[in-house]
Amino acid sequence: MSKPILVIKFGTASITHQNGDLDETVIAGIARQVAELHADYHIVLVSSGAVAAGKQFLRQYNGTISERKAAAAVGNPLLLNKYSRYFAPYSIAVAQSLCERQHFSDRNQFLQLKRTYEELWASNIIPIANENDVVSSLELKFSDNDELATLIAVGFGASLLLFSTSVAGVLDRAGQVVPQIDVIDKAALGLADKEKSALGLGGMVSKLTFARLATRMGIRVVIFGIRTEDGILNAIAGKTGTLCLPQPCSMPARKKWLASGSLVTGRIQVDAGAQRALEKRHSLLAVGVQVVLEKFECGEVIEIVNEENVAIAVGRAKIASDLLDTQPKAQNIEVAHADDIVLL
């Protein structure tokens, strides 16, 4: 691509008032700041808020799954209309992109999505992504839009991922913004407030968890407060928010997709010998599998855990789990080829 890719995620709490109504002042500020960046980046906005925008139109809303889907059906066009209205003075068109988990689990569908975004960028159109709550099944939902933003950023090779919040950034125990996190480890995750907002699904735990994945894939991440003055522009300039430093990563695009965007359907536990082999970039053989924790079919993506039940890799299975049950210690059966395994 001729320009770097920038992904910015706005949560429900970031763009709504306390009562759940869309905060048009915030949306207007987003449009103004993004318009300044438009010439320098290919931009994807990932925006929550459809359910919050639509639920007021339901006669009785108690937050059930069917009611959330109905609210999203009403709210999606309302949300896009607001963005379109505030981007119009800058002669920038926006496009709606309602995504489902399967769009990232199937590489062909994922590449089609990527090509669609590239077509939009070629015409200077900004895609606004959101989960397709109307049809997404509970089992295949994104955990929240932090995950969706991360999958887009990693899969498309973004250089920068911004998570907006209703606070100024990641706060320390004294309530002060942590300006920089070098590595998102257990200590960094411990800074997160475990509470979620009343309107959204995520929280700081979610943002740091997905920031950890993005930084491991070489993406710079900033967690910033949308209501700080020029929050987006200052976050990019390093003047506000919490910068999470990218880690060195030379992984090719396909393996990045496998590590972050594919849908894990099976799970196996391996012994110490198999773990050492994987760490040396060897293939996984059946002899090293201790137990099948969740069944899978040939070609599906599996999570590989060690003897301590810690996830150490993901891989695309060359066989179905049933074969492991019938021939568990066959030396020459390859469960997953080295080229289709990504260490975590």
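Student: Which class does V74 fall in: buried, exposed or partly exposed?

Tutor: At 31% relative accessibility, V74 counts as partly exposed (buried is under 20% relative accessible area, exposed over 50%, partly exposed in between, with a 1.4 Å probe and protein chains only). V74 sits in helix α4, residues 65-87 (helices are DSSP runs of H or I, at least four residues, numbered from the N terminus). The model is predicted: local features need pLDDT of at least 70, side-chain atom pairs count only at pLDDT 80 or more, and totals for chains, interfaces and linings use all residues. Residues are numbered from 1 along each chain as its sequence is written, and side-chain values use heavy atoms, without hydrogens and water.

Student: How many aromatic pairs does a search of the whole structure find?

Tutor: A pair of aromatic rings is described by the distance of the centres and the angle of the planes. The search finds four aromatic pairs (Phe, Tyr and six-membered Trp rings, centres within 6.5 Å; planes under 30 degrees apart are stacked, over 60 edge-to-face, the rest tilted). One of them joins Y117 and W121, edge-to-face at 6.2 Å and 75°.

Student: Where do Y117 and W121 lie in helix α6?

Tutor: They are four residues apart in helix α6, residues 107-122, so about one helical turn separates them. Both Y117 and W121 are buried, W121 at 6% relative accessibility.

Student: What is the geometry of the pair W121 and F156?

Tutor: The ring centres of W121 and F156 are 6.3 Å apart with planes at 85°, so this pair is edge-to-face. W121 lies in helix α6 and F156 in helix α7 (residues 145-156), so the pair ties together parts 35 residues apart in sequence. F156 is buried, with a relative accessible area of 5%.

Student: Which residues do ring pairs link into a cluster?

Tutor: F110, Y117, W121 and F156.

Definitions and conventions: Helices (H or I, at least four residues) and strands (E, at least two) are DSSP runs, numbered from the N terminus.
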